[in-house]
Amino acid sequence: MAPSSKAEKKAAVDAAAWMFNVVTSVGIIIVNKALMGGYGFSFATTLTGLHFVTTTLMTLVLRMLGYVQPSHLPFSELLKFVFFANFSIVGMNVSLMWNSVGFYQIAKLSMIPVSCLLEVCLDKIRYSRDTKLSIGVVLLGVGVCTVTDVSVNTKGFVAAFIAVWSTSLQQYYVHYLQRKYSLSSFNLLGHTAPAQAGSLLLLGPVLDYWLTNKRVDRYAYDTPSVMFITLSCTIAVGTNLSQFICIGRFTAVSFQVLGHMKTILVLIMGFFFFGREGLNLHVVVGMIIAVVGMMWYGNASSKPGGKERWSHSLPTNKTESK
């Protein structure tokens, strides 16, 4: 196959993976908003546990069908990943409860520079001036869109700090494990989803009761709410898989930068579906700035020297497949 054909094929697969992540991520946000806002199902951590149960079932079916080959992930690496991933989920939920919406959004934006720092320190990545500036433009645009009231308290700051670092480490680790152990997205999910499902279903009801003072087993389940829970779990399979695919094909930083396109789409969809006020001039200007920054980042980071490793490649442990 000619180099140009390979490049075009890779670009097409990258675009498809990205669109898959955008569609499923925006879809699950809309469904969860309806579930929690319309039906009062406020048990976010338990719901996430159910998401990973569904994802585990998907990986088991694919393994039975032969689409997922046997692979190896050391138990110590699995423990570290689950530790970061669960702290990310719990930290984000607690941060949202203890902080103002404005500070919560600032915390989410700070994941980009933290992810950059991890890549610089751990992977010896070097960013060009244009790449750094484009990231700054994205941060500015999304900040204008989303940051309104900003108030900080000590416990909220601690929760946000834990959420930002654990989420950044979890996303970095997705890329790291796929490279080091030559794992596909399906294989990595097959290792991590069962562990996350079990731990979150044990932790979720306790944490949700602490956050909401409500018990998940006493929720008034009915046909519509169960249908929305089922739909949320079904879409979550695509969200979890597409996240692993995108981070594996790109990096955690690219996933964060381009991921703010989802933030913009959620704002627009929220305006149309939920009748929210707030799609005013400064929000539209912020959206435009963010999109320009994302386009600039895509162009700058793909150029020679835009984003490159200046040390030896990470050694890999090839997993044999039979």
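**Salt bridges in the predicted model**

Aspartate 130 is partly exposed, its relative accessible area being 32%, where partly exposed denotes the range between buried (under 20% relative accessible area) and exposed (over 50%), as computed with a 1.4 Å probe on protein chains only. This aspartate 130 forms a salt bridge with arginine 129, the closest N and O atoms lying 3.9 Å apart, a salt bridge being a side-chain nitrogen of Lys or Arg within 4 Å of a carboxyl oxygen of Asp or Glu. Arginine 129, for its part, counts as exposed, at 63% relative accessibility.

The model is predicted, so that local features need pLDDT of at least 70 and side-chain atom pairs count only at pLDDT 80 or more, whereas totals for chains, interfaces and linings use all residues. Residues are numbered from 1 along each chain as its sequence is written, and side-chain values use heavy atoms, with hydrogens and water left out.

In total, the structure holds six salt bridges. One of these links aspartate 14 with arginine 249, with 2.5 Å between the closest N and O atoms; because aspartate 14 lies in helix H1 (residues 3–39) and arginine 249 in helix H9 (residues 223–249), the pair ties together parts that are 235 residues apart in sequence. Helices here are DSSP runs of H or I with at least four residues, strands being runs of E with at least two, and both are numbered from the N terminus. Aspartate 14 is buried, at 11% relative accessible area, while arginine 249 is partly exposed, at 34%.

A further salt bridge joins arginine 215 to aspartate 217, the closest N and O atoms being 2.7 Å apart, and arginine 215 is partly exposed at 37% relative accessibility.
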